[in-house]
Amino acid sequence: IMRVEKRKRAALYGLQIEANRTAADHEKGRDFAASDICWELTDFNMFLVKSENWGKAVTAALKEAEVQERKNSVVVLDGFYGASPEWFKDKSLDEIVAYFKDCLAFHEQNYGQVINAVIHFDEATPHLTCQSLPLIQDEDGRTRLSARDIMGGRTDYRRRQDEFFEQVGKPRGMDRGEIHDPEQTREHLSVQAF
């Protein structure tokens, strides 16, 4: 499973407190009602990259790259990597961590510099969440923020999902998920039209 979404600065704090949660947060009353977190296991979550303050990390990286952020800029690409619960059943901790490290390497290669990456072992199925900066370098050597160029369109995203399967899933004996047929894509109605 590979999913990557665009996030603006306003979403960072909420994403950070959910991703970087601790059992102490729960004891203080912080809860995520829509999740199936088993708080007794939260301290077993494993950070591969950790940022204590995503907002500051983004600001520092943009400053270092000499990039001007616009008011409505997408500043983070939020990645989720997982697998079916059946795949995890007979895997050792080392095998699971190796899989997620390969997922992280794929994310860095395709989506930019990672500021945070954590394996959550405290939910029904282990998964990796990681956040990266959508910085690209133009031909003239200037760096700019552009999630649109990195993400591309549906075809680009489907191609990356195929590459993810070939590079990370297939060597582990995983099956490729169903490929959505563009001919079957339904046109979505606006709320008003619905």
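The protein in this predicted model has seven helices and seven strands. Helices (H or I, at least four residues) and strands (E, at least two) are DSSP runs, numbered from the N terminus. Read from the N terminus, the order of elements is β-α-α-β-α-β-α-α-β-β-β-β-α-α. Residues are numbered from 1 along each chain as its sequence is written, and side-chain values use heavy atoms, with hydrogens and water left out. Local features need pLDDT of at least 70 and side-chain atom pairs count only at pLDDT 80 or more, while totals for chains, interfaces and linings use all residues.

Of the 194 residues in the protein, 40% are buried. Buried means under 20% relative accessible area, exposed over 50%, and partly exposed in between, with a 1.4 Å probe and protein chains only. Among contacts (heavy atoms within 4.5 Å) with a separation of 6 or more, 68% join residues 24 or more positions apart.

Helix α5 covers residues 93–111, and its 19 residues should span 27 Å at 1.5 Å a residue. That expected span is 1.5 Å times one less than the number of residues. The end C-alpha atoms of α5 lie 26 Å apart, which agrees. Its buried residues include Ile96, Phe100, Leu104 and Tyr111. Just after α5 comes Gly112, with a positive phi of about 105°.

Leu41 sits in the loop between α2 (23–27) and β2 (46–49). This residue is partly exposed, at a relative accessible area of 34%. Apart from neighbours within four places in sequence, Leu41 is in contact with Phe121 and Asp122. Its C-alpha atom is 8.1 Å from that of Ala23, 18 residues apart along the chain.
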